[in-house]
Amino acid sequence: MPKDHGIGASTKRREDVRFLTGKGRYTDDININGQAYAWFVRSDVAHGTLNGVDTADAAAMPGVLRIFTGADFEAVGGIPCGWQVTDRKGEVMLEPRHPVLAHGKVRHVGDPIAVVVAETLEQARDAAEAVVPDITELEPVLDMKAAVQGGPLVHDEIGSNLCYDWGFVEENKEAVDAAIKGAHHVTTLELVNNRLIANPMEPRVAVGDYAQHDDSSTLYTTSQNPHVIRLLMGAFVLGIPEHKLRVVAPDVGGGFGTKIFHYAEEAFVTFAAKELKRAVKWTATRSEAFISDAHGRDHVTKIELALDADGHFLALRTDTYANMGAYLSTFAPSVPTWLHGTLMAGNYKTPLIYVNVKAVFTNTVPVDAYRGAGRPEATFQLERVIDKAAREMGVDPIELRRKNFITEFPYATPVAVEYDTGDYHATMDKLLEIADVAGFDARLAKSKANGKLRGLGMNCYIEACGIAPSNLVGQLGARAGLYESATVRVNATGGLVVMTGSHSHGQGHETSFPQVIAEMIGIDENMVEIVHGDTANTPMGMGTYGSRSLAVGGSAMVRATEKIIAKAKKIAAHILEASDADIELKDGSFTVAGTDKSLAWGDVCLAAYVPHNYPLADLEPGLEETAFYDPANFTYPSGAYACEVEVDPETGKVTIERFAAADDFGNIVNPMIVDGQVHGGIAQGIGQALMEGASYDEAGQLVSGSYMDYTMPRADDLPFYTVDHSCQTPCTHNPLGVKGCGEAGAIGSPPSVVNAVVDALQRAGHTNVTHIDMPLSPARVWAAMQG
Amino acid sequence: MSNVTMKVNGKPVSGDVEGRTLLVDFLRGPLGLTGTHVGCDTSQCGACVVHVNGEAVKACAMFALEAEGAEVRTIEGMAEADGSLGTIQAAFQEHHGLQCGFCTPGMVMSAAALLKDNPKPSEAEIREYLEGNICRCTGYHNIVKAILAASGQDVPAIAAE
Ligand code: FES
Ligand code: FES
């Protein structure tokens, strides 16, 4: 019987009620008395010298309060980068200034040049059309290889477009080169991990407010991590101390990474509200989101896998060019390095690995983390090259994987991480069952009879979630800690409020977090309320990304609750006149072991706040505890995915016929929510594989700048998915044994889709087709079939 | 500025709007009905779907003045009289058909329009009908399930197919 409450139950989401009745409170729903409206004037050229901005006519237009330009921001800091990578030679990366508003130069289409603030949105928009930037166009640099081979400089002052040249593990390089040279077989694959745009359905919004009575600023913003924004913006950009700055991220309509980062618009509205002494609101249009939200992926990679005659992996070498865009977004430098290189072992015992990454500036929108962030890029190249190797060596791709699986844990990889648990054969076995691989031939015959090609693609993945511990990531260049916090406040009548540093923008924390506490204490889930997203009433937290909420934030909440329970037991022991070691908490009541003496949860809570019969000499009144949890290690979810496609030989159109995912997420708190996370990730992964691609023309114009050109997966592009997470090897180092599930779908699915299409074409006799770059549009697949 | 009068969720409302004011901005702004969302500026995402005289309409693709005299229904008008969730809303909660909730009002309004015309749609018909509603969170799996369930069809049997 599935559980109906507590850990493991598919509790229905309480937050749904407000979302389903139109009562959600998203940032754009917030309107402050007397607010003014901001409209950004953005560069429409990719690269140019900004000689000046003529604002005279615009300033005279109705309703205009003020027009801001780069000159207004010279005295404040630039937008900071949160991660400093050190290169192969021990030098720190090049880190150009990232001004709030462009000054001297524009570096990508969408670079903000000026902002009109007016009484109404319409007036701001009208006046913005009268702002005239004086730009001398320069030749843009878009291709990464050209950029580092003497192309035009994006940032003249740093003298190079090469942000860093990173080698990992540098000491392994010679041994890897030698192993590849002497190997029985080497499979080489060159591929592109296509540039994507996260496209949460809610565009970014920022509302700045300023209170004159106490000189404090408030920013309402569509963010995944309000504390991080407060720290970066307050300390590095505007110079506002944190006690004078509140950041609120209320209901947020999806994030997928692109709402982690600190953006210029947030600093702008906060600054302008203080200057104008009134609230200032900015709401992105979707067109604006396309050219101002950080993009994702955009790697060009060559990977080589060396094998012995029996198919054992001997060595792996990869060379990647990673696009940074025009400026370093908050976590951009970490994505192709520490979130990518460390995952190159995958699920396999490859003894020698060397990863080289060149991060490059180009005249494009900044690129940063998007669902999976570095891990999809690692998984894609590895799982594609293994498929290609199997084909070249004439062996079954699943058997080749199985032969090289890591089977003993803990396992230290040659790329500096230690997997605590996993069972890769188990997820593969489960996959073969749920994907009905045995029935493939019959389905293939049916497709053939219908004039369609059919293919089956499979792959494994490993993920690293809850990046940690802080002291280690500090050594790797992180300029932030990676703990999480929770304050658990028990009220006098027994209800609890949990103030978490995690942030929900669709993940359902308001439902799943109470399940954990309810289980620990033995009370009803509805007695627990979750507060998140407001720096004024939550402890310093790092927010939600990298599938970290339950593994790190949930662990902090468990630790705080453990403290609560320990104290509550002392109170109960005093009242029951027993020793606290003899007190047991079960089903919401405290009993003295071996007796029938008991006290209800609510009675102890009341005693904590009405401490009449209370050990005041030894114990403070009250029942409120805070914990900061800094994990000892990453968690390592893993799994195996299978995709079946049909390809129309006339048009090259690919349809996803079946998709199955067998994941190991360790312990599960809410299976319904976990299924949903996997579904959404798979859809984004299929989107990457078949449809999505941000594309620039030679002039640096984003030609996929709207939903008419950037293909978002729609309901009729996708099938029902078969997902399973019954294989569970619990994480050994966090108290819940959980691993994280938010990104798995997006990491695990692209290789199986491409493997399936290549398989379909190979089966149809197109034996020269060993790879097609994503997105596998009909045009690309058709071209591949032509030879 | 011109005056516009319409009925929204059964209540007569009126206001002064510019000729270029979109219906969605009138609902969200002066009327404070922020349940209807704006997800794009090319009329493609469907976050703004409402019913105008019983038909599903993208409120970002219609001027407020065009709704003069119309009966408009928004997500705020979809619950039962006693405030409990309506059938489609309840099915979305039951089947986890929403995550961040941003596309949800539009999805529910589109689903309601579909079921009015086609009370027992097939999976394929649902997917095709939702062509104008983008969801970035759910991968549509549970949205399709929720709509099947709201139409009284056997969800596990169809979804297992
Ligand atoms: S807002 Fe996107 S279709 Fe109306
Ligand atoms: S639930 Fe987030 S976009 Fe659909």
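**Close-up views of a predicted model**

**View 1. Two domains of chain A and the contact between them.** In this predicted model, the centres of domain 2 of chain A and domain 3 of chain A, taken over C-alpha atoms, are separated by 40 Å. The contact draws 20 residues from domain 2 of chain A and 16 residues from domain 3 of chain A. On the side of domain 2 of chain A that touches domain 3 of chain A, twelve residues are nonpolar, six are polar and two are charged. Domain 2 of chain A is made up of residues 299-468 + 633-785, while domain 3 covers residues 483-629 and domain 1 covers residues 27-138 + 201-254 + 259-292.

View 2. Ile583(A) lies in strand E22 of chain A, which runs over residues 583-586. Ile583(A) is buried because 25 other C-beta atoms lie within 10 Å, where 20 or more are required. Leaving aside residues up to four places away in sequence, Ile583(A) touches Lys569(A), Ala572(A), Ala573(A), Ala578(A), Phe590(A) and Val592(A). Val117(A), by contrast, is 466 residues from Ile583(A) in sequence and 63 Å from Ile583(A) in space, C-alpha to C-alpha.

**View 3. The side of chain B that touches chain A.** In the contact between the two chains, 45 residues of chain B meet 44 residues of chain A. Helix H2 (87-94), helix H3 (104-117), helix H4 (123-129) and helix H5 (141-150) of chain B each contribute at least two residues to the side of chain B that touches chain A, and the largest share, four residues, comes from H2(B). By class, this side of chain B comprises 21 nonpolar, 16 polar and eight charged residues.

Methods:
Residues numbered from 1 in each chain as written. Chains lettered and ligands numbered in written order. Predicted model: local features only at pLDDT ≥ 70, side-chain atom pairs only at ≥ 80, totals over all residues. Contact = placed C-beta atoms within 7 Å. Nonpolar A, V, L, I, M, F, W, Y, C, P; charged D, E, K, R; others polar. Domains from an automatic or database assignment. Buried ≥ 20, exposed ≤ 12 C-beta atoms within 10 Å, placed from the backbone.
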